[in-house]
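These are my notebook entries on a structure that I consulted for the first time. I record what I looked up and what I found.

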Amino acid sequence: TLEEPPDRCVLLRVAARPQRLLSTGRSRCFAVSFGPLRPAELARLLRARGLPEEEAVARAALAAGRPGKALGLDLEDLLARRKAVLETLEALTASPPAAAASVPALAAEIAGRDEVTLLAGLDLLEALLRDAAMCAAGAQGFALAHSDLVERLDPIGRTLTADRIALLVSALENLCYDLRLNLNRLLVAESLLAAIAGGPLP
């Protein structure tokens with residue numbers, strides 16, 4: 001067990017969000033961080049495996065720095081999903097009062113048919129929000145996961161501001177964690193989108 005491992009035993013715990021682990025377990029661990037690969041580096045690795053340039057760049061942008069995810073994702077489906085999430089962000093930030101009425105329909109699209117679909121949508125939402133904040137701060141190129149969308153992400157970042165985006169991303173991460181408590185998928189998506197449109201944070 002983690003509490004009293006046998007001699008000469010090494011236990012490895014892998015976690016994407018170690019802050020979500022119980023503190024009693026974390027206190028017995030030595031953290032070794034493996035950050036995600038930068039999109040440009042991941043695209044280079046994918047090209048080395050024989051993928052065409054355009055596909056390698058697209059997979060790298062959508063994989064959040066994870067090589068295994070980059071190789072296994074359904075590129076066509078994920079690009080369509082990214083387009084829908086980006087259009088949702090644009091609608092909510094271009095005219096927040098007018099967009100408020102469309103939140104339920106937009107939330108239904110992000111919530112999808114099951115928790116897996118919702119989590120994929122929330123991952124895209126988080127990545128696009130982070131990139132929007134970085135665009136507004138002047139970052140370009142290799143620093144962005146979705147560097148092909150700079151012209152569309154910059155106005156979103158300027159409208160929301162980096163501080164608001166930081167609060168939105170934190171709320172998003174908390175809601176992803178709380179989904180294990182059987183939260184209603186549609187309400188999770190609606191509360192996040194309403195916050196993006198200027199409503200209170202969930």
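Which residues make a nonpolar surface patch of about 450 Å²? I found that Phe30, Val32 and Phe34 make this patch. I note at the outset that the model is a predicted one.

Entry 1: I then checked the accessibility of Phe34: the value is 76%, so Phe34 counts as exposed, the cut-off being over 50%.

**Entry 2: helix α7.** I turned to helix α7, which covers residues 103–111, and asked which of its residues are buried. I listed Val103, Leu106, Ala107, Ile110 and Ala111. Viewed down the axis of α7, these buried residues fall within an arc of 135°, so they line one face of the helix. I also examined what comes just after α7, and there Gly112 takes a positive phi of about 65°.

**Entry 3: salt bridges.** How many salt bridges does a search of the whole structure find? I recorded nine. I then looked up several of the pairs individually.

I began with Arg47 and Glu53, whose side chains meet in a salt bridge at 3.2 Å, N to O. Arg47 has 31% relative accessibility and counts as partly exposed. Glu53 has 47% relative accessibility and likewise counts as partly exposed.

I went on to Arg82 and Asp148, whose side chains form a salt bridge at 2.7 Å, N to O. I located Arg82 in helix α5 (residues 75–94) and Asp148 in the loop between α8 (115–136) and α9 (150–160), so this pair ties together parts that are 66 residues apart in sequence. Is Arg82 buried or exposed? I found Arg82 to be buried, as its relative accessible area is 9%, and under 20% is the cut-off for that term.

**Entry 4: Asp154 in helix α9.** I located Asp154 in helix α9. The side chains of Asp154 and Arg158 meet in a salt bridge at 2.9 Å, N to O. Because Asp154 and Arg158 are four residues apart in helix α9, about one helical turn separates them. Arg158 counts as exposed, at 54% relative accessibility. I next noted a network in which salt bridges that share partners join Glu126, Arg130 and Glu173. Returning to Asp154, I asked what this residue contacts once its neighbours within four places in sequence are left aside. I found Cys135 and Ala136.

Entry 5: Which residues does Leu172 touch, not counting residues up to four places away in sequence? I listed Leu122, Leu125, Glu126 and Leu192.

Terms used
Residues numbered from 1 in each chain as written. Predicted model: local features only at pLDDT ≥ 70, side-chain atom pairs only at ≥ 80, totals over all residues. Heavy atoms only, no water. Buried < 20%, exposed > 50% of the residue type's maximum accessible area, 1.4 Å probe, protein only. Helix = DSSP H or I, 4+ residues; strand = E, 2+ residues; numbered from the N terminus. Arc of directions from axis to C-beta. Salt bridge = Lys/Arg side-chain N within 4 Å of Asp/Glu carboxyl O. Contact = heavy atoms within 4.5 Å. Patch = residues over 30% accessible without salt bridge, like charges linked within 9 Å, V, L, I, M, F, W, Y side chains within 5 Å. Areas by Shrake-Rupley, 256 points an atom, 1.4 Å probe, with all protein chains shown as cover.
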